[in-house]
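User: I have a model open here and would like to go through it piece by piece. Can you take questions as they come?

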Amino acid sequence: MAKQMKAALYREFGGPDNVRVETLDVPAVQEGEVLIRVKAAGVNPVDAFIRGGHMQQFLPYTFPVIPGWDVAGVVEECGHSARRFSPGDEVYAYARRPTVHLGTFAEYIVLPESYVAARPKGLSWEEAAGIPLAGLTAYQSMFDAGQLQAGHSVLILGASGGVGSQAIQLAKAHGATVVAVASARNQEYMRALGADYTIDYAQGPVADAVKAIFPEGVDLLFDCISGETLAQSAAAIKPTGTLVSILSHGEGLDLGPEVQFKYLFVEPNAPQLDHLRELADAGKLKIQVSQTYPLEQVPEAFRQIETHHTTGKIVIVP
Ligand SMILES: NC(=O)c1ccc[n+]([C@@H]2O[C@H](COP(=O)([O-])OP(=O)(O)OC[C@H]3O[C@@H](n4cnc5c(N)ncnc54)[C@H](OP(=O)(O)O)[C@@H]3O)[C@@H](O)[C@H]2O)c1
């Protein structure tokens with residue numbers, strides 16, 4: 001009989017209460033893949049968008065869906081020709097496969113070994129599980145798309161959440177000056193992460209507050225929130241600056257003619273996970289886990305992530 005595992009899953013799109021814990025066969029390991037015993041799985045807003053059926057036009061899916069795209073865990077088995085890891089290795093990964101089907105809110109997951117990297121040893125399992133999706137998003141947005149350089153200034157909208165918390169630290173580690181935007185209760189948190197300046201988005205137009213610091217505007221605006229805050233921040237970009245958004249496609253934005261606009265959707269990238277591990281092990285990338293949940297409480301975790309006011313990361317511990 002196949003080995004079995006507990007998993008949180010849903011069989012149709014809908015609200016958080018569609019999610020149940022069931023017992024399933026552990027997926028078989030194919031060529032080039034590794035079986036990982038999940039120690040912790042980070043929760044991201046996209047898990048809730050998918051569960052609500054809002055991504056079905058872009059991402060193929062097969063029911064049942066086990067949600068979750070972040071994992072930290074232990075390699076238990078390696079498929080034929082998978083040679084990068086051995087059983088017992090401690091790893092982490094951004095686990096988005098081409099089809100939404102078997103995710104990380106489970107006791108086991110099978111992944112191509114090319115998605116996987118050794119995990120930061122200096123962090124707890126829960127902290128490590130908070131890095132991959134959000135950390136890769138911050139990295140790819142600011143450095144691949146945004147070409148952020150040492151000495152540049154970056155304005156980060158939504159800087160106290162999963163992506164923004166890592167974006168502050170990555171930008172500082174690369175020698176940039178950071179202006180971080182979130183609500184009043186997160187100002188001290190963002191300063192503790194290294195932000196040079198912080199702005200409360202409820203205290204008037206963000207662009208006015210930025211212009212008081214950088215009259216010429218910032219080199220890069222990294223948008224993790226979109227909506228009204230983005231609309232009233234666009235004027236804070238230098239005339240030749242760049243806007244990278246992970247939500248907006250730029251519609252309705254009043255941007256100068258030479259401002260570059262880019263939308264980014266994060267991709268798995270193991271070499272970049274190696275870089276994030278090195279930063280974490282050097283003490284330059286920390287993760288605040290604000291809450292953990294067992295598999296049975298995945299609906300509660302969904303309700304929290306859907307507030308869009310989570311500080312740091314929340315994590316499932318199966
Ligand atoms: N395209 C991609 O590849 C990609 C990748 C990752 C994430 N995303 C998307 O990016 C967004 C952020 O992800 P996340 O994981 O960082 O979310 P999160 O952990 O829920 O964080 C959201 C943060 O935004 C802040 N915020 C809420 N309203 C705001 C406003 N009006 N102005 C400025 N900040 C505000 C919140 O701070 P306060 O509580 O202080 O308000 C909170 O810290 C989500 O919508 C997610 O789906 C896209």
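User: Which strands does helix H6 lie across?
Analyst: Helix H6 (residues 206–213) lies across E10, E11, E12 and E13, and runs at about 155° to E12. Helices (H or I, at least four residues) and strands (E, at least two) are DSSP runs, numbered from the N terminus. Axes are lines fitted to C-alpha atoms, for helices over the stretch in contact, and angles run from 0 to 180 degrees between N-to-C directions.

User: Before going on, what are the ground rules?
Analyst: This is a predicted model, in which local features need pLDDT of at least 70 and side-chain atom pairs count only at pLDDT 80 or more, while totals for chains, interfaces and linings use all residues. Residues are numbered from 1 along each chain as its sequence is written, and side-chain values use heavy atoms, with hydrogens and water left out.

User: Back to the sheet. What is the strand order?
Analyst: The order is E12-E11-E10-E13-E14-E15, six strands in an open sheet with parallel pairing. Strand E12 (197–200) and strand E15 (260–263) are the edges, each pairing on one side only. Two strands pair if DSSP finds at least two bridges between them. From one strand to the next the twist averages 15°.

User: And how many bridges join E11 to E12?
Analyst: Four bridges, between strand E11 (residues 177–182) and E12, which run parallel. Val181 stands opposite Ile199 in E12.

User: What does helix H3 touch on the sheet?
Analyst: Helix H3 (residues 132–145) touches strand E10 (153–157), strand E13 (218–223), strand E14 (237–245) and E15, and its direction makes about 150° with that of E13. Contact means heavy atoms within 4.5 Å.

User: Different topic. What are the domains?
Analyst: The domain assignment gives domain 1 (4–131 + 287–316) and domain 2 (134–263). Such bounds come from an automatic or database domain assignment. Their C-alpha centres lie 28 Å apart.

User: How much area do domain 1 and domain 2 bury between them?
Analyst: About 840 Å², 46% of it on carbon and sulfur atoms. Buried area is the accessible area (1.4 Å probe) that two parts lose on being put together, summed over both. On the domain 1 side, Ile131, His309 and Thr311 supply 43% of the area buried against domain 2, more than any other three residues. In contacts, 11 residues of domain 1 meet 12 residues of domain 2.

User: Which residue does Asp17 pair with?
Analyst: Arg303, with the closest N and O atoms 3.4 Å apart. Asp17 lies in the loop between strand E1 (4–9) and strand E2 (20–25) and Arg303 in helix H9 (residues 298–305), so the pair ties together parts 286 residues apart in sequence.

Notes. A salt bridge is a side-chain nitrogen of Lys or Arg within 4 Å of a carboxyl oxygen of Asp or Glu.
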